[in-house]
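Student: I am new to this structure and would like to go through it step by step. Could you show it to me?

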Amino acid sequence: NFAGSIVPGLNYKITGNVGLYGKMLQITASSIELVNDESADEAVIASFLRSNFDGIGEKTSLSLAQEFGREVLEELYKRPKSSASLINGLSEKRAMAMSQKISEDKAFLDQILKLRILGLSEDQAKKAFDMFGLASSSEVERNPYLLLRIDGIGFDTCEYIARDMNLDKFDKIRILGAVLCVLNEIHYSSGNTYITVDELKSGVKELIFSQGKSNCNSCVNCITCDLNYDTCEFFESSFLDAVLYGVECDDIVVYHFDNDKCSGCGINDENARIAIKRIFKIEAKIKSEVESFVNAEIAYFDDEKAFEIIKRLSDKKCIELDKHQIDALSMCMKESFCIITGGPGTGKTTITGILADHFQEKKIDCLFCAPTGRAAKRLSESIGFDAHTIHRLLEVRPSGEEEGFIFGRNQNNPLEAR
């Protein structure tokens, strides 16, 4: 696995198998390793120039990188005409255009170039700039594991950038990076918003010890050991220091529930949970919103009346409901907030159709939505009312910034339904 970006012009050592797929050569790589040499910077700088300046080809970009190195932006900005005279294929007009672009966005381009040289791809560098701004390169150099706050950047990328920092294997910066990586992976793979201390320890151990034998500065003699994490005397204290550091930096929270009340706690407290603070705050916000629905005043609706309505509407549709479906419909008619779950074929869509008829009779404004266009179409066909995708219902549109979105419907412009 290679965490950096593959850049034309650099040399890589690839381990794997070479074979044929039909008449075509097929290479299955088990590992990719950058071979550092004097031309490494030049290839990265050339790639940066091609990505950020229109009309700059491979030969011209490489000539610029070889001639000016890391000072290429400064030279093009201050001395475009003399730069053009030194580089074959670079016209004075093109150099002046490059100088003009640099003058308009020099701080941004300076940071992107520095981030590229550190080992980020063009896309990763722009995401880092969006998060850290003009301090991007210095922040990443100080602590590469801050990049784990960015979607799409993993632990391997941070390790790759940190390769020349000589960090101890148990440095709290590195262990916290592993903690955040494990928490992110658990959240996005399972949907869980927290993890237990034991589960987190297990994941972090597996991540930081995954390379087997490795030099570790923690031992007195800097020995090379098997790094058996079940017996390593340094891991426990390092893990604790990293978690405390993460709480201090507002990256994570440690909490538990006592008599149904959530409060912060120590990592060794019984039933302690650990979560990414950003996710924790989102969950707390959702909880608050749901509670506002649950606690809302509702009109009294007795079981007998609910059953009469359900029987009449189901008979009208020639549908025979089972007890679970009747109970679910009755709950939906009496409660201010309901969630109905069930596997395929258990009658969720059937229930929704009867509820839609009930809402229409009572002149209750109701909106229907589903996660995908296909699901929305199926729902609409089944219940006889228009259904939309969630993103269309909330009027989601691109913000104009990379990966950014604007919600046309929000707390200031709520959906017209009750």
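This is a predicted model: local features need pLDDT of at least 70, side-chain atom pairs count only at pLDDT 80 or more; totals for chains, interfaces and linings use all residues.

Student: How does one describe two packed helices?

Tutor: One gives the angle between their axes and the distance between the axes. Axes are lines fitted to C-alpha atoms, for helices over the stretch in contact, with angles from 0 to 180 degrees between N-to-C directions. Helices (H or I, at least four residues) and strands (E, at least two) are DSSP runs, numbered from the N terminus.

Student: At what angle do α15 and α16 pack?

Tutor: Helix α15 (residues 323–334) packs with α16 at an angle of about 40 degrees, and their axes are 10 Å apart. The two helices are therefore oblique to each other; angles under 35 degrees count as roughly parallel, over 145 as roughly antiparallel, 65 to 115 as roughly perpendicular and the rest as oblique.

Student: Which residues meet there?

Tutor: On the α15 side they are Gln 325, Ala 328, Leu 329, Cys 332 and Met 333, which meet Thr 350, Ile 351, Ile 354, Leu 355 and His 358 in α16. The residues of this contact divide into seven nonpolar, three polar and no charged. Here Ala, Val, Leu, Ile, Met, Phe, Trp, Tyr, Cys and Pro count as nonpolar, Asp, Glu, Lys and Arg as charged, and the others, Gly among them, as polar.

Student: And how do α16 and α17 cross?

Tutor: The axes of α16 (residues 348–361) and α17 (residues 373–383) come within 9 Å and cross at roughly 55 degrees. That makes α16 oblique to α17. From α16, Thr 349, Thr 352 and Gly 353 meet Leu 379, Ser 382 and Ile 383 of α17. This contact of α16 with α17 has two nonpolar, four polar and no charged residues.

Student: Changing topic, how many aromatic pairs are there?

Tutor: The structure holds eight aromatic pairs. Rings of Phe, Tyr and Trp (its six-membered ring) pair if their centres lie within 6.5 Å; planes under 30 degrees apart count as stacked, over 60 as edge-to-face and the rest as tilted. One of the pairs is Phe 108 with Phe 129, with ring centres 5.0 Å apart and planes at 85 degrees, so this pair is edge-to-face. It links distant parts of the chain, as Phe 108 lies in helix α6 (residues 106–118) and Phe 129 in helix α7 (residues 122–132), 21 residues apart.

Student: Is Phe 108 buried or exposed?

Tutor: Phe 108 is buried, at a relative accessible area of 18%, and Phe 129 is buried at 17%. Buried means under 20% relative accessible area, exposed over 50% and partly exposed in between (1.4 Å probe, protein chains only).

Student: Where does Ser 61 lie?

Tutor: Ser 61 lies in helix α2 (residues 58–68), and is buried with a relative accessible area of 0%. Leaving aside neighbours within four places in sequence, Ser 61 is in contact (heavy atoms within 4.5 Å) with Ala 46, Leu 49, Arg 50 and Ile 56.

Student: What about Asn 52?

Tutor: Asn 52 lies in helix α1 (residues 40–52) and counts as buried at 7% relative accessibility.

Terms used
Residues are numbered from 1 along each chain as its sequence is written. Side-chain values use heavy atoms; hydrogens and water are left out.
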